[in-house]
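Student: I have a structure open and want to walk through it. Can you help me read it?

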Amino acid sequence: MDEQLFTVTVFTENQVGLLNQISIVFTRRCLNIESLSVSPSSINGIHKFTITCYSNRAMMERVVKQIEKRIDVLKSFLYTDDEIVYQEVALYKVPTPRLLDDRTVEEIIRRHNARILEITREYVIIEKTGHSDETESLFDELKKYDIRQFVRSGRVAVTKSPEEYLTMYLEEQECRLNEL
Amino acid sequence: MKELISGSDALIQSLILEGTDMVFGYPGGSIMPVYDRLFDYQDRLKHILVRHEQGATHAAQGYARVTGRTGVVIVTSGPAATNVITGLSDALMDSTPMVVVTGQVATPFLGFDAFQETDVVGITQPITKWSYQIRRAEDVAWAVARAFYIASTGRPGPVVLDITKDAQVGMTEFDYKPCNYIRSYNPRPDIKESDLLKAAELINRAERPMILSGHGVMISGAEAELAELAEKSDIPVATTLLGLSTIPSDHPLYKGMLGMHGNIGPNVNTNRADLIIAIGMRFDDRITGNVKTYARNAKVLHIDIDSSEFGKNIPVDATIHGDARDALLKLLPLIEPRKRTRWLGMFDKPQQIESEQVIERELHPAGPKMTMGEVAAKVSEATGHRAIVVTDVGQNQMLSARYSRYSEPRSIVTSGGLGTMGFGLPAAIGAKMGRPDRTVCFFTGDGGLQMTIQELGTIMEYGTAVKIILLNNNFLGNVRQWQALFFKGRFSQTPLVNPDFVAIAGAYGIPAENVETRDQLDGAIGRMLGHDGPYLINVNIDETDMVFPMTPAGGNVDFVMLNQTEIYPVD
């Protein structure tokens with residue numbers, strides 16, 4: 001089956017050890033996690049994991065079910081790129097003298113919609129948000145200035161769907177509690 | 001102000017409040033405060049001192065499987081915690097409710113490689129339903145309540161509570177509240193009306209449906225509803241290994257066991273059926289063989305409490321997500337009465353061929369040495385088919401499962417998913433302790449028995465009346481069988497040089513006898529079952545005897561070997 005990039009989102013209770021429980025689901029199936037980001041979600045006490053991984057749909061559907069089976073996982077969802085709006089942020093550390101000597105810097109920054117975060121005598125920090133091909137393409141252009149450091153975050157994503165499935169799930173659970 | 005009690009006290013009181021009457025365990029450094037408190041609760045909480053921590057877990061599994069209650073284990077940290085890994089993994093595979101309490105070094109020592117410290121939560125997360133470290137006495141009651149709720153509900157499984165020494169000695173108020181709700185975990189999902197309608201339509205329309213009854217039927221106590229569904233719609237029932245005894249062996253609609261060494265009828269007819277109704281089972285590869293050709297003419301209706309099983313191994317056409325008994329109770333009114341005489345007749349020929357060419361040879365072998373099947377059949381007969389059958393793993397497991405007959409539910413205790421050699425002896429101890437009113441017959445091999453043979457000490461100490469039938473061929477028989485069939489008869493490391501098992505049993509004060517020849521067998525079985533207490537018979541088994549029929553691993557489910565040279569003729 002064809003491999004493609006999938007985005008898995010996982011919403012969990014704020015309990016110790018969930019990252020391990022989620023990551024071993026991938027490890028056991030020899031799946032490489034491409035990127036991972038974890039942060040508190042908009043709902044108090046609920047954490048959100050966003051994971052990207054190359055695989056096929058059948059495998060990823062299994063992975064999502066296995067993740068959801070963990071006790072402290074609330075919900076897990078599987079998306080392809082067309083179903084979400086997503087971003088990454090990249091930082092580039094470039095030597096200042098090299099940039100100053102080059103007249104094209106302004107044009108590069110403008111064209112890539114990048115930002116300069118800090119300038120010192122020794123280095124400049126440039127920030128670029130976008131998809132990985134966009135941060136990659138800025139990287140390629142800055143290469144000639146001798147990039148000292150380059151780092152890219154994991155993906156963050158929100159769904160395009162008008163339905164908010166997590167909220168619906170939490171409401172259902174609230175009803176379940178009230179029935180007890 | 002409320003009275004303060006120690007974390008250890010809170011632990012024991014919580015266990016008692018959860019209905020625990022028996023724990024299997026072994027003391028050690030990091031659990032000593034708990035054992036000290038246990039001393040004062042001996043009248044309310046019986047502690048069974050096993051001889052190795054692995055034995056504690058299998059005993060708890062045996063107890064849980066025959067009673068349906070949660071098995072409880074208490075051990076110390078480090079090596080004790082690593083010794084319970086096999087039992088945890090086994091319990092997860094076979095959906096067995098178990099709570100394992102492991103001691104842990106005090107919180108300030110965590111992460112410093114303290115004496116007998118091991119990362120128990122880290123190690124056990126992949127093989128438990130939930131694994132949690134208790135670091136404060138005040139968390140004990142909450143964690144125990146949650147542990148029992150998680151272990152025993154939904155698809156049952158093992159839970160680990162790793163309790164640090166400071167949590168054991170710390171003082172806390174104690175106010176126990178059982179857990180009945182976890183926001184992120186719904187163990188009893190509401191069954192969808194639309195799923196029921198679709199399932200009923202599939203069943204009512206099917207010409208050749210077959211029910212596959214698994215362990216889930218036993219766990220949910222759906223045996224009566226299973227029989228009702230089968231009878232109402234005249235559907236043949238096959239069981240998985242762990243589903244044995246979910247329907248009596250003499251029920252006219254019971255057509256046998258599925259799987260690699262199952263009966264020919266249900267295996268071959270899997271590919272003739274037009275509807276597979278799988279209830280509380282998970283399409284293990286030992287059942288399906290080649291998944292590409294499995295049930296190729298059938299739609300699949302899967303009823304299970306664990307939705308992650310839907311479509312995991314076999315594509316499904318319809319599902320009912322829920323407890324098996326709930327599902328069947330709601331499904332039954334929608335099922336139209338039917339007669340399926342012709343379809344049921346299609347089980348006659350395979351049954352007859354298996355009877356003549358496999359079973360007859362196993363029950364009445366030509367040679368002077370005995371076969372495992374004939375021994376199991378005789379033991380079963382002598383118990384009136386009413387015993388709990390506990391097995392180890394290997395040929396002894398397959399043949400005792402096949403040749404025993406079952407008349408009541410919860411009559412089989414065996415390691416199915418993990419296939420743990422050494423499971424049997426401690427599991428039989430737990431089974432007998434859980435159901436002292438029933439006869440427990442434990443079938444084992446000379447290999448598996450020696451993996452946990454130290455538990456004979458537990459039998460000695462408690463006088464546990466386990467009937468041990470040692471099917472001794474002085475070989476690792478199942479591996480030998482594969483070597484004979486698939487590795488050109490090169491018996492690499494399978495012959496066993498064995499001790500005098502009767503003498504060993506004798507050393508533990510367990511009456512035992514050798515059964516060298518067939519004419520000694522009936523008498524020995526009679527003495528074993530007639531004796532009021534544990535008993536061992538060491539039966540001289542023909543090492544060339546193999547388990548048949550056999551659908552080789554990964555092969556098609558209707559490719560069945562009758563013996564080393566003959567294949568079942570599929571028309």
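Tutor: Start with a strand pair: Ile279(B) stands opposite Ile303(B) in β13(B). This is a predicted model, where local features need pLDDT of at least 70, side-chain atom pairs count only at pLDDT 80 or more, and totals for chains, interfaces and linings use all residues. Residues are numbered from 1 along each chain as its sequence is written, while chains are lettered from A and ligands numbered from 1 in the order in which they are written.

Student: How many bridges join β12(B) to β13 of chain B?

Tutor: There are 5, and the two strands run parallel. Strands pair if DSSP finds at least two bridges between them. Strands (E, at least two residues) and helices (H or I, at least four) are DSSP runs, numbered from the N terminus.

Student: Which residue stands opposite Ile277(B)?

Tutor: Ile211(B). Strand β9 (residues 209-213) of chain B is joined to β12(B) by 5 bridges, also parallel.

Student: Which way do the β12(B) residues point?

Tutor: Leu275(B), Ile277(B) and Ile279(B) point one way, Ile276(B) and Ala278(B) the other, and all are buried. Buried means 20 or more other C-beta atoms within 10 Å of a residue's own, with C-beta atoms placed from the backbone. Since 5 of the 5 residues are buried, β12(B) is largely enclosed by the rest of the structure.

Student: New topic. Which residues of helix α22 of chain B are buried?

Tutor: Gly477(B), Asn478(B), Arg480(B) and Gln481(B). They lie on the same side of α22(B), because they cover an arc of only 155° around the axis. That arc is taken from the directions from the helix axis to the C-beta atoms.

Student: And what comes just after α22(B)?

Tutor: Lys488(B), with a positive phi of about 55°.

Conventions. A residue is buried if 20 or more other C-beta atoms lie within 10 Å of its own, exposed if 12 or fewer, and partly exposed in between; C-beta atoms are placed from the backbone.
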